[in-house]
Amino acid sequence: MSGNKREQEMTWTNELRIALEPTAARLAAERADGADLKLLQDAVSGMTEAIRNGDSKGLAHHDHAFHRGLLAATRNPLYVAHVPMMLSYLAEQYEDRELTEEDRANLVQHRDILDAITMSDLDAAERATRALVLGSDRVISQAAF
């Protein structure tokens with residue numbers, strides 16, 4: 001696939017993420033149960049360990065688990081149906097590479113999302129997720145040009 005076409009697909013995917021994920025986080029804050037919270041906590045713990053070890057593939061694995069768990073916690077099968085597409089997009093960001101300060105900042109944002117969901121704070125969950133996804137959009141835009 002040509003670079004321009006792949007960049008366009010990543011941009012489209014991120015536009016969809018901006019529309020879906022903040023609302024998914026809001027729903028997750030309302031609907032998540034103990035199992036959902038454990039999955040999200042385990043994912044954030046795994047991301048923390050991966051960053052500590054400089055393991056981009058491990059970070060990708062746990063980031064995927066976080067986003068899969070976030071969408072599943074909505075209890076809405078239409079959100080869950082977007083998991084394969086979202087994971088395909090996220091995989092692009094974690095190809096075998098050196099981790100950066102941005103990865104550490106993203107980890108903090110994931111923790112903020114987890115904290116908001118754990119506290120059933122719908123507004124904070126939505127805001128934190130919007131900030132995370134908008135940051136991803138900025139990275140895509142910088143990489144594309």
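Helices (H or I, at least four residues) and strands (E, at least two) are taken here as DSSP runs, numbered from the N terminus.

**Entry 1. Ground rules.** I am working with a predicted model, in which local features need pLDDT of at least 70 and side-chain atom pairs count only at pLDDT 80 or more, while totals for chains, interfaces and linings use all residues. Residues are numbered from 1 along each chain as its sequence is written, and side-chain values use heavy atoms, with hydrogens and water left out.

**Entry 2. Confidence.** I looked up pLDDT, the predictor's confidence in each residue, from 0 to 100. The chain averages 87, and 86% of the residues score at least 70. By element, the lowest mean pLDDT is that of helix H5 (residues 83-93), at 73, and the highest is that of helix H2 (residues 34-53), at 97. Over residues 137-145 the pLDDT is below 50; beyond near neighbours in sequence, I find nine contacts (heavy atoms within 4.5 Å) for this stretch in the model. Where pLDDT is low, the predicted coordinates should not be read in detail.

**Entry 3. Overall make-up.** I count seven helices and zero strands in the chain. Of the contacts between residues at least 6 apart in sequence, 79% join residues at least 24 apart.

**Entry 4. Helix H3.** I next examined H3 (residues 56-72), which has 17 residues. From its first C-alpha to its last it reaches 24 Å, close to the 24 Å expected at 1.5 Å a residue, the expected span being 1.5 Å times one less than the number of residues. Because 12 of its 17 residues are buried, H3 is largely enclosed by the rest of the structure. Among the buried residues are Asp-63, His-64 and His-67, as well as Leu-59, Phe-66 and Leu-70. At the start of H3, I noted a side-chain oxygen of Asp-55 within 3.3 Å of the backbone nitrogen of Lys-57.

**Entry 5. Positive phi.** Which way does phi usually fall? Most residues other than glycine have a negative phi. I recorded Arg-75 with phi near 65°, a positive value in a residue other than glycine. Arg-75 is found in the loop between H3 and helix H4 (77-80), and is partly exposed, with a relative accessible area of 42%. Ser-120 is not a glycine, but has a positive phi of about 55°. Ser-120 lies in the loop between helix H6 (101-118) and helix H7 (122-144), and is partly exposed, with a relative accessible area of 44%.

Technical notes. Buried < 20%, exposed > 50% of the residue type's maximum accessible area, 1.4 Å probe, protein only. Polar contact = N/O pair within 3.5 Å; in protein donor to acceptor, adjacent residues only side chain to side chain.
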